[in-house]
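Please keep the sequence and the model in view while reading.

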Amino acid sequence: MKEVISLDNKFAGKTIHSVVETYSDLLIRIAFQYTGSTTDAEYIVKEVYKKLMKYRKAFTHSNDMKVWLIRQAIKGSKLYMRSKNKNELRCLKLYEDDLLNKLFRLEEDERIILFLHDYEGFTIEQVKAMLFKRGAQVITILESGRSKLNASFDKEGVI
Amino acid sequence: MNKYIQTMNKIKASQTFKDDLLEELGKERRYDMNNMKKIVIGIAACAVLAVGAIGFNPATKAQVMPEIDLTERITIDPNAPSACVAVNLEGTIVEVSDDGLSFKLDSGKWVDIDDDTEYGTTLPTSAAIEDQYLEPTFRVGNMIAGFTEDENASRILAYAIYTNWNWDDPIR
């Protein structure tokens, strides 16, 4: 039985155990959009949680914490990819799932916007705030990503 | 259910990852708490030694000193403001990009600034942001001190900029 770490309601009334259970899948999926590897994604997410533990402010609302975690995951992924120059390595990867092969032919921004909007259900305004982009820019990138992905599949499309 | 959602659903954090993570976070927290205890004990020991040294000093003994209740005087507040920033990004700007959001340091490294880059320090002991050595733009000749998460990257993304100042011709 693992120890439950309580940090005096620092995490919007949740324990770190519950935070990890609630947000890990989301954060892994975000980091995966950049790294294309669950191993790399796990490394990034681990660093995000370490930052959360050391974060000096307390979150009063779980939604604020969720957005903060997403921002840190995006930032951490970008830094990780930049520092390790993983882009070149990722190009050599071939996934069993054909959709992933096609997904990783999209631009980085297209993948993350598709994920945040179409999978996680964030509004254009929320995505815009998370990625520091203009609203029109997000819509253009989203439509371009969707059309590229749908075009690569013959009949019913993907999204 | 479309293919995209099905594929994304397959990407998950494994239970082993979560368990290992929680264990690691628990260890780190215990380690931090132990360090904090050591610091507090260290400060307390220093304070006792300092008081002892003063007490045994003949020059001070000669003076008539009132009796001091040490238990009341020595108070250790672990939450007292005390902070410093890590700096691993230093140099003088030798070139600035057209958009003004990147600059080259005399070390030859290009540094990028993005929306997440913190500008100035907000530590409890810091001066007000307007009193810090921060110019509104990056200029050739400015001294830079900051922090990056990866100082060895070919292009550095600045996590924070603490100083951006031209000592000869500063602009507020």
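The buried residues of helix 8 of chain A pack against helix 5 (98-103), helix 6 (108-119) and helix 7 (124-131) of chain A, and also against helix 1 (3-10) of chain B. Here helices are DSSP runs (H or I, at least four residues), numbered from the N terminus; buried means under 20% relative accessible area and exposed over 50%, with a 1.4 Å probe and protein chains only; contact means heavy atoms within 4.5 Å. This is a predicted model, in which local features need pLDDT of at least 70 and side-chain atom pairs count only at pLDDT 80 or more, while totals for chains, interfaces and linings use all residues. Residues are numbered from 1 along each chain as its sequence is written, chains are lettered from A and ligands numbered from 1 in the order in which they are written, and side-chain values use heavy atoms, without hydrogens and water.

The buried set consists of A:Gly135, A:Val138, A:Ile141, A:Leu142, A:Gly145 and A:Leu149.

A nonpolar core is a set of buried Ala, Val, Leu, Ile, Met, Phe, Trp, Tyr and Cys residues joined through side-chain atoms within 4.5 Å. In the largest, with 59 residues, A:Ile30, A:Tyr49, A:Leu52 and A:Leu116 touch the most other members. Helix 1 (residues 16-35) of chain A gives the largest share of this core, 11 residues. A second, separate core of 12 residues includes B:Val111 and B:Phe138.

Definitions and conventions:
Helices (H or I, at least four residues) and strands (E, at least two) are DSSP runs, numbered from the N terminus.
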